[in-house]
Structure formats: C-alpha cells, structure tokens
Amino acid sequence: MNNNHHQTLKERWILGSLTLNLFLSILKLVVGLITNSLGLIAEAIHSFSDLIASVISFISVKITAKKSKDFPYGLYKVENIAAVIISFFLFFAAYEILKEAFFSHESHQVKNPEYAIFVMLIAMVLTFFYSRFEKKAGEKLNSPVLVADAEHIWADFLSSVIVLIGLISVYFGYNLDKYAAAIVSVFIFKSGFEILKDSIKVLLDYSLDFDELNKIKNLILKNPAVVDIKEIKGRTAGSYKFVEVEILLHNMSLREAHRIVDEIAEEIKQKIQNVESVVIHYEPARQEGLRIGVLCDQNQNIRDFETARVVCIYDISKDLEILSSYSITIEENNLSKLLSKLGLDVLVSKNHPLDFKVRFLLSKSSIMVWETEKNKVDESVNEVVKSWKEFTKGEVQS
C-alpha cells in the first residue's frame with residue numbers, strides 16, 4: 001500500500017467519525033433537553049467532545065502528509081500530539097458528567113424516557129459498528145490517531161449501554177439516571193488515560209516492541225554476508241516506524257557491502273509494516289589479519305574450482321599466527337553462494353575459475369585467487385602467509 005493511498009484511507013475514516021459525532025451530538029442534546037435526562041445530556045457532551053477530537057484528528061492527519069525542509073524527519077508525531085489533546089477532551093467530558101451528576105443543585109426528573117431509550121438504541125448500533133471497523137482500519141494502517149478515535153467512539157458505545165440501563169430503570173420508576181451518568185465518566189476517563197499513556201511513549205521515542213525488533217533481527221541475520229548485529233534500535237512516530245542498526249559484515253569491497261546493506265533495508269521495509277526509514281551502519285568483522293580459503297578434497301589435496309569438494313578456512317592474525325581453522329563441504333552447484341558467505345581475502349586453487357559467474361563474484365567480493373603448485377593445504381597456507389609477511393614488511397619499510 002503506497003503512502004498516498006494510506007493517507008486517503010485515514011482521511012476518509014476521520015471524516016466518517018466527524019460526521020457520526022456531529023449527528024449524535026445534535027440528536028442526543030435535542031432529545032436530552034426535551035426529556036430532561038442527565039444521562040442523555042452527558043452523552044451529548046461526550047459526543048460533542050468526540051466531535052472536537054475528530055476535527056483535531058482530521059487536521060493532524062492532513063498535517064502529517066505535508067513535507068517541509070524545516071522538519072526533515074517528517075511531521076509524523078503530530079498524530080501523537082493530537083491523540084494527547086483527544087485524551088484531555090475525554091478527561092474534561094468525564095469531569096463535567098461527574099460534576100453535573102453529584103454536585104448540581106438542580107433536580108433532574110426524566111420525562112418521556114421512551115424517547116431517550118429510542119435515541120440511545122440508535123446511538124449504540126452506530127457507535128458499535130463504526131468503532132470496531134475504524135479500530136481494525138487503524139491497526140492495519142498503523143495509525144495511532146485512528147485507533148485513539150476508535151477507542152473513544154467505543155467508550156461512547158459503552159457509556160450508551162449504561163445510560164440505556166439508567167433510562168430503562170426510570171421507565172419502570174427507579175431514578176438511576178445520574179448513577180448511570182457517573183459510570184459513563186469512568187469509562188471515558190479510562191479510555192483517555194490509555195490514549196495519553198501510549199501517545200506519551202511515542203513522543204518520548206519509546207522502543208518498538210520486542211517481537212517486532214526480534215523479527216527485524218532475524219531478517220538481518222539470515223543474510224549470509226552478516227556476521228553479527230552489534231545494536232538494533234527502533235521507534236515510532238505517528239503511523240510510521242524508524243529502524244537503526246549496526247552490523248558486522250564479512251570483509252568485502254565497499255560497493256558490495258553497500259549493495260548488501262541496501263538489500264537488507266529494502267527487505268525490512270517489505271516485511272515489516274509501515275517502516276519509513278532504515279539506517280544501517282556497517283563495519284568489517286575483521287579489520288586486521290587475513291582469512292585464507294583453500295579449495296581441496298576430503299584428504300586436503302589442493303584442487304581447482306571444478307573438482308574441489310571442500311573449502312579449508314584459516315584465520316591468520318596480524319602477528320602471522322593461525323587463530324582458527326575449519327573446513328566446509330561444497331554442495332553441488334553451490335560454490336558461488338558459499339564463497340559469498342565466507343568473507344575471504346585469499347582463495348587458493350590449482351587455477352583460476354573458468355565459470356564467469358564465479359569470477360565475477362570473486363571480483364565483487366574483493367577475493368584474490370592464488371594459483372599454487374603446492375599439493376597440500378598446509379603447504380599452500382604457509383606459502384601465502386610467507387608472501388603476505390614479505391608484503392607487509394615492505395609496506396612498513398616504505
């Protein structure tokens with residue numbers, strides 16, 4: 001889904017929410033004044049606060065689509081700021097309802113409760129379906145402002161249930177209208193608190209959750225050129241995610257390393273929803289020393305590219321000591337893929353490869369092919385190390 005389509009969908013949902021809240025605010029207020037129901041008037045205040053919040057949400061969604069040189073990292077957090085403002089509207093609505101229910105000196109006697117009951121049934125149906133669909137859309141689009149909007153419409157539905165119970169009690173002669181209104185305020189306050197908490201986390205650059213970071217980590221480590229991950233960080237801003245990684249790569253040319261990093265970044269954007277930016281810092285796994293690979297058979301007799309069945313790997317320190325050695329079996333038609341994983345500096349063989357694909361890969365990976373007349377692996381390794389020693393000695397003298 002491209003960003004323009006993403007933006008259009010968010011704007012449509014916010015406009016739908018605005019229209020719904022405008023309709024419910026007018027309907028509840030008119031019928032609440034006619035019936036003198038405190039619960040219904042409280043619901044009108046709630047819907048009116050939702051209406052204002054929806055206007056703020058719409059404005060914030062429009063702003064985040066704008067690009068500005070003064071804000072090179074985008075205006076994505078405007079969505080989260082809008083969600084914070086919405087939460088305070090919810091707190092205000094809850095306060096007003098409580099004040100009217102328990103601290104007002106006027107007596108509220110509900111008239112014609114059946115009208116109010118009918119209105120609440122309409123409100124319940126509309127808010128139930130719209131909040132559920134909008135929340136799914138918000139999660140799919142990863143939009144905090146849509147999720148926040150859906151949550152307070154859901155709070156509207158729950159409060160409608162309580163008010164409906166209060167009105168039914170009035171219909172049967174039990175005046176529980178103000179208690180229903182008080183319970184409504186609790187739902188509103190809880191919804192506002194959750195929205196405020198989540199939005200502040202984002203504004204303070206709270207990390208992506210563990211599962212998402214772990215998924216990104218696994219995507220990076222499956223690339224054969226990656227040795228390890230030194231650090232991985234992620235944050236959200238509005239609907240979008242930003243990832244920063246430090247990795248160790250096998251020794252290779254700068255151009256090849258850059259290509260691999262671009263591939264990793266592109267895969268993260270494809271596999272993880274709404275990733276806006278991936279910044280990858282990379283460095284070679286070995287900054288000193290030498291890694292030698294020798295093409296041979298199972299008896300460590302040196303072979304060429306066509307007949308070799310094993311690659312013997314030797315890591316040599318800058319002091320010309322063998323740090324480690326091991327061997328890897330070459331699977332059929334898999335030599336090219338294997339060489340890209342090993343991070344070799346020198347590859348010893350009886351001759352240069354005939355296959356153009358292998359030659360090209362070796363060139364891209366900055367691997368030098370060392371032709372030898374030696375027959376045994378240890379002899380060829382000593383030959384390379386001796387030449388490297390003479391080379392490094394000459395560099396120091398010069």
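A salt bridge is taken here as a side-chain nitrogen of Lys or Arg within 4 Å of a carboxyl oxygen of Asp or Glu. The model is predicted. Under this criterion the structure holds seven salt bridges. One of them pairs Glu 212 with Lys 241, with the closest N and O atoms 2.6 Å apart. This pair connects distant parts of the chain. Glu 212 lies in helix H7 (residues 210-221), and Lys 241 lies in strand S2 (residues 240-249). The two residues are 29 residues apart. Both Glu 212 and Lys 241 are buried.

A second pair joins two strands. Asp 315 forms a salt bridge with Arg 291, and the closest N and O atoms are 2.7 Å apart. Asp 315 sits in strand S5 (residues 310-316), and Arg 291 sits in strand S4 (residues 290-296). This pair, too, links distant parts of the chain, its members being 24 residues apart. Asp 315 and Arg 291 are both buried.

The side chains of Asp 297 and Arg 303 also meet in a salt bridge, at 3.0 Å from N to O. Asp 297 counts as buried because its relative accessibility is 10%, under the 20% cut-off. Arg 303 has a relative accessible area of 34% and is therefore partly exposed. That value falls between the cut-offs of 20% for buried and 50% for exposed. Elsewhere, salt bridges with shared partners join Lys 222, Glu 267 and Lys 271 into one network.

Helix packing was examined next. Helix H4 (residues 113-141) packs with helix H5 (residues 144-171) at an angle of about 160 degrees. Their axes are 7 Å apart. The angle is over 145 degrees, so H4 is roughly antiparallel to H5. The crossing of H4 past H5 is left-handed. By class, the contact of H4 with H5 comprises 24 nonpolar, four polar and eight charged residues.

H5 also packs with helix H6 (residues 177-203). The axes of H5 and H6 come within 8 Å and cross at roughly 170 degrees. H5 and H6 are therefore roughly antiparallel to each other. On the H5 side, the contact includes Ala 148, Glu 151, His 152, Leu 158 and Ile 162. On the H6 side, the contributors include Asp 177, Ile 183, Phe 187 and Ile 195. The residues of the contact of H5 with H6 divide into 12 nonpolar, four polar and two charged.

Lys 28 is placed in helix H1 (residues 3-35). This lysine counts as buried because its relative accessibility is 0%. Residues up to four places away in sequence aside, Lys 28 touches Leu 40, Glu 43, Ala 44, Ser 47, Val 119, Ala 123, Asp 156 and Ser 160. Among these neighbours, Val 119 and Ala 123 fall within the residue range of H4. Asp 156 and Ser 160 fall within that of H5.

The chain contains 11 helices and eight strands. Of its 398 residues, 47% count as buried. Among contacts between residues at least 6 apart in sequence, 67% join residues at least 24 apart.

How values were computed:
Residues numbered from 1 in each chain as written. Predicted model: local features only at pLDDT ≥ 70, side-chain atom pairs only at ≥ 80, totals over all residues. Heavy atoms only, no water. Helix = DSSP H or I, 4+ residues; strand = E, 2+ residues; numbered from the N terminus. Buried < 20%, exposed > 50% of the residue type's maximum accessible area, 1.4 Å probe, protein only. Axes fitted to C-alpha atoms, helices over the stretch in contact; angles between N-to-C directions. Parallel < 35°, antiparallel > 145°, perpendicular 65-115°, else oblique. Left-handed = near helix turned anticlockwise from the far one by under 90°. Nonpolar A, V, L, I, M, F, W, Y, C, P; charged D, E, K, R; others polar. Contact = heavy atoms within 4.5 Å.
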